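Here are my notes on the model you sent over, as numbered points. Have the structure open while you read.

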Amino acid sequence: MTKRRTLLTMAAALAGAALISSPSLAQKKYDPGASDTEIKIGNINPYSGPASAYGMIGKTIDAYFKKINAEGGVNGRKITFISYDDGYSPPKTVEQARKLVESDEVLLVFQSLGTPGNTAIQKYMNAKKVPQLFVATGATQFGNPKEYPWTMGWQPNYQSEGRIYAKYILDKHPNGKIGILYQNDDYGKDYVKGLKDGLGAKAASMIISELPYEVADPTVDSQIVALKAKGADVFFNVATPKFAAQAIRKAAEIGWKPLHLLNSVSGSVGSVLRPAGLEASKDLITTNYIKDATDPTWKDDAALKEWAAFMDKYFPDGDKTSSFTVYGYAVAQTLVQVLKQSGNELTRENIMKQAANLKNFELGVLLPGIKINSGPSDFYPIEQMQMQKFNGTSWELFGPVMSGEIGS
Amino acid sequence: MAVREDIAETAVAATPRFGGLTVPAWQRLITIAALLVALALPLFLKNFHVFQLTLVMIYSIAILGLNLLTGINGQFSLGHSAFYAIGAYTTAVLMDRFGVPYFLTLPAAGIVCLVAGFLFGLPALRLEGLYLALATFALAVATPQLLKLSIFEHWTGGVQGIVIIKPDAPFGLPLSQDRWLYYFTLAILVLMFAAAMRLVGSRTGRALKAIRDNPLAAKAMGVDTALYKSLAFGVSALYTGVAGSLGAIVVQFVAPDSFTFFLAVSFLVGLVVGGVGWIPGALIGGIFIMYIPNLAEQVSKGLAWAVYGVILILVIYVMPTGAAGFVRLVAGRLNRLMSSNR
Amino acid sequence: MELFLHQLLAGIATGGIYACMALAVVMIYQSIDHFNFAQGEMAMFSTYIAWQLLAWGFPYWIAFILTIVISFIGGVVIERGLFKPIRNAPVLSHIIVFIAMFSILNSLAGFTWEYTIKSFPSPFPAQPLFNNRLIGAHDLGMIAITLILLVLLYVLFRHTRLGLAMRAAAANPDSARLVGIRVGWMVALGWGLAAAIGAVAGMMIAPVVFLEPNMMLGILLYGLAGAVVGGLTSPVGAVLGGFAVGIVENLAGTFVPVVGKELKLTIALVLIVAVLMVKPSGLFGRAAVSRV
């Protein structure tokens, strides 16, 4: 099964390479940041500050491009990856984005992380006509080709995921009393909005309590106690890894056993469920689109083995239990595909054109059946997810591959 | 935690003549030279560097505000990011929701912050040293949460913040947006610094310094300490608020995450590095908090903040009283050198 | 009513965290007469040392004691190496060095041990005591440890010559020097003790909040608040203040209408400032009388 898929992926990649190599061999066209020997790619990541856990993504991408360069680069060009720290502070993001575009003259900015930072630079990037490609956030506002033709997302957006849970609740617990814990920022609110939209008219009567927390809060114990006391029997856990783990553990500690829906941001077995306690995590439900390297289901998976070999060789200090390293690997692969498709026409316009021209592109580390698709009016490359339930040692996928497309 | 530094005054008093010129004459000369350089600089730099320099000036104004409070009046604040945020949001809301032109939002932001600072200064009167530090610290920590508050979301944009549009140069001047904003900020900066110099030299300034140096004696001499201390808070907030307002225009974006406690700490670092109580020090502080983190990042990405910390410690070791003390030292040496040559 | 009781107990549990940290704050205040903003990061770093020792296979209590010893030495070294040379610099310059320490420790910890959360073991049984579901065994254990520390500190400061000398050195260094107290070493000792208490606090807190480089950010603020409310000169006050902050925060989050859940931190802080307005030296602190 897995073998066949890898073959398919390879075949698709080969076919893609064959397709693009023939017509564009003729002339070479470059924008700033590209040449016969080099492609300059910019990136902004929080290597410091409260969101520094995400810095792992930037480091993984860097390592992946080293691998690509060691293997001869993309169409013979080496990738120069320039990654700056913004400490998750929007004014700093603006400064770093301007530095990348105006001083380093990169061809494109790739995977800039976080909703506030990306919002801060979105207008600038579009005015400068520099691709703001595959941003690392699931906010819906980054897939709007009409207004922002130079900005594109990558991962499934949070609202879609919220809708998937709503569908599930309506199906399985139509009379459930829903309690929500969410991080008080754009990410948390997007999830809550998706859930409410999905529940439709029933949202008001079904949701009995929504409690926010702040990133600076020491614990979320108080919120969990309150949700239990209010009598919630469906718990929607929209928290980042640390707080999600606290919530899982506290719920078990006080003997609260609701239907527990965990947002996919915190679905990692290694960095959330294991710290929280595997026993306490039993029966959790979440969705996912990417393989969890700590999940025993995939211990013989070819794509993850390839990833592990990459990690050993190019990023030995990297955390193999963190989902961020798989994420960074996958998104970097997607960019390499776009660069390959762009051939010798490395203009910013062509990059966007090719990014919006991913057809059934498959990555080994995504869940089986999940494909990357984009188009001139579809700037959400990954829109499919699958639900899964935790059995005490690993996630078990169930149900069909779903998409919670906005507006559907 | 009394803050007492009188570097600036002693620097002036200790060296009446200096290389043939009096100290005020030297100061004038340096100021004019600096201004000329500041005027010419953008013509030779890329837009991005102009943008960075504009940010330096904005931070300098904010640090100057803090300096008026801490250096001149002896009150301590870890919460100036709050006033910076209020200024930024006043401008953003006025521009975005009410279509007010950017230059008119500046005085509005200043006035709002003056009032906010004055009101905050009133209860803060009863707090001193550490307790004031904690109260302002609390203010800084609470600011992002207040900005996010759902009941204000209609105006503040909640967690999403507000994107604003960068102004073009007026009258069809052949300047890029960045260069125009640079000159605009420079004009405000000069105005604010001149006003600060005036204030420090005035009767009010002397009263403020008297409160810093000896509150009881000041009171005995008939200084209304409560009024002056609140006023100092208000004026200080006004400066920082204007800086915040300029910051919003230049960065084109405000969001709660822009105004965390970390910003207040940066201002404090800038203040101490520049020299507490020395007005021009604010410029040095602004340069420091703008460029040193970038420098640290170039040295080591993973350990950028460790490098930054080490640089900070070295700075304090070399110049325990900031650039102010350093300048005084150098000026003293030069003077001795010159007089021995004569 | 049941909700109230639950929140009260949850408040006491989190209050235990703050109380622990508040003690460390008071300790350093007793020896250097101001706050150490890097206190939380020092505690975090100590906890990582403990984690590393455990990962190398040391039994829990051995690692516990080793960490305390290492932290104590670390505290003394920091004072001797970093602060002694700038003894005469203004207070604000000291604060900048605290900030520098903060960023160095935070950055080093993240660099060495990554930013992903780690679980830290609790020495107490996982099963709740008396089969109650309201307050965990670890919470109770943490409170007990805090109280033990409190008693030790109380004895040290009230009933030993060393403690008296330390207090004298902090309160009035010049006079202390005149009566033959080695002020410099008293300060270094204070730093060592503060670091050791911080280490205990960190090892007690980490099982609750999980270990990561930024774990102390919020806790330090609440700990400071607790210490200030209780009075910076009184360990008992600091502990009670810590509990008070925890309880107020939890109750405010649950029972203040409209803005309560979004602003529980702010409400807690406003209350603290209000307390200070009425009683500037804290609930249990002694008012400082200065000679003119």
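1. Let's start with chain B: 52% of its 342 residues count as buried. Buried here means 20 or more other C-beta atoms within 10 Å of the residue's own (12 or fewer is exposed, in between is partly exposed, and C-beta atoms are placed from the backbone). Bear in mind that this is a predicted model, where local features need pLDDT of at least 70 and side-chain atom pairs count only at pLDDT 80 or more, while totals for chains, interfaces and linings use all residues. As for labels, residues are numbered from 1 along each chain as its sequence is written, and chains are lettered from A and ligands numbered from 1 in the order in which they are written.

2. Chain B carries 15 helices and 4 strands. These are DSSP runs numbered from the N terminus, with helices being H or I of at least four residues and strands being E of at least two. The radius of gyration of chain B is 20 Å, close to the 20 Å from the globule rule for 342 residues, so chain B is as compact as a globular protein of that length. That radius is taken over C-alpha atoms, and the rule is 2.2 Å times the number of residues to the power 0.38. Along the principal axes, the C-alpha atoms of chain B fill a box of roughly 65 × 55 × 45 Å. Of the contacts in chain B with a separation of 6 or more, 79% come from residues 24 or more positions apart; a contact means C-beta atoms, placed from the backbone, within 7 Å.

3. How do H4(B) and H5(B) pack? H4 (residues 80-98) and H5 (residues 102-124) of chain B have axes 8 Å apart, at an angle of about 140°. The axes are lines fitted to C-alpha atoms, for helices over the stretch in contact, and angles run from 0 to 180 degrees between N-to-C directions. H4(B) and H5(B) are therefore oblique to each other: under 35 degrees would be roughly parallel, over 145 roughly antiparallel, 65 to 115 roughly perpendicular, and the rest is oblique. Residues meeting here include B:Phe83, B:Ile86 and B:Gly87 in H4(B), and B:Tyr102, B:Thr105 and B:Ala108 in H5(B). The contact residues divide into 10 nonpolar, 5 polar and no charged. For these classes, Ala, Val, Leu, Ile, Met, Phe, Trp, Tyr, Cys and Pro are nonpolar, Asp, Glu, Lys and Arg are charged, and the others, Gly among them, are polar.

4. H4(B) also packs on H12(B) (residues 261-274), with axes that come within 7 Å and cross at roughly 110°. These two are therefore roughly perpendicular to each other, and the crossing is right-handed. B:His80, B:Ser81 and B:Tyr84 of H4(B) make the contact with B:Phe261, B:Leu263, B:Ala264 and B:Phe267 of H12(B). By class, that contact has 5 nonpolar, 2 polar and no charged residues.

5. On to chain C, with 11 helices and 0 strands. For its 292 residues a compact globule would have a radius of gyration near 19 Å, and chain C agrees at 19 Å. 58% of its residues count as buried.

6. Where chain A meets chain B, 24 residues of chain A are in contact with 23 of chain B. H3(A) gives the largest share of the chain A side, 8 residues. By class, that side divides into 9 nonpolar, 5 polar and 10 charged.

7. Two backbone spots to check. A:Gln111 has a positive phi near 60° without being a glycine; A:Gln111 sits in the loop between E4 (108-110) and H4 of chain A, and is buried, with 26 other C-beta atoms within 10 Å. C:Glu114, also not a glycine, has a positive phi of about 70°.

Methods
Two residues are in contact if their C-beta atoms, placed from the backbone, lie within 7 Å. A crossing is left-handed if the near helix is turned anticlockwise from the far one by less than a right angle, and right-handed if clockwise.
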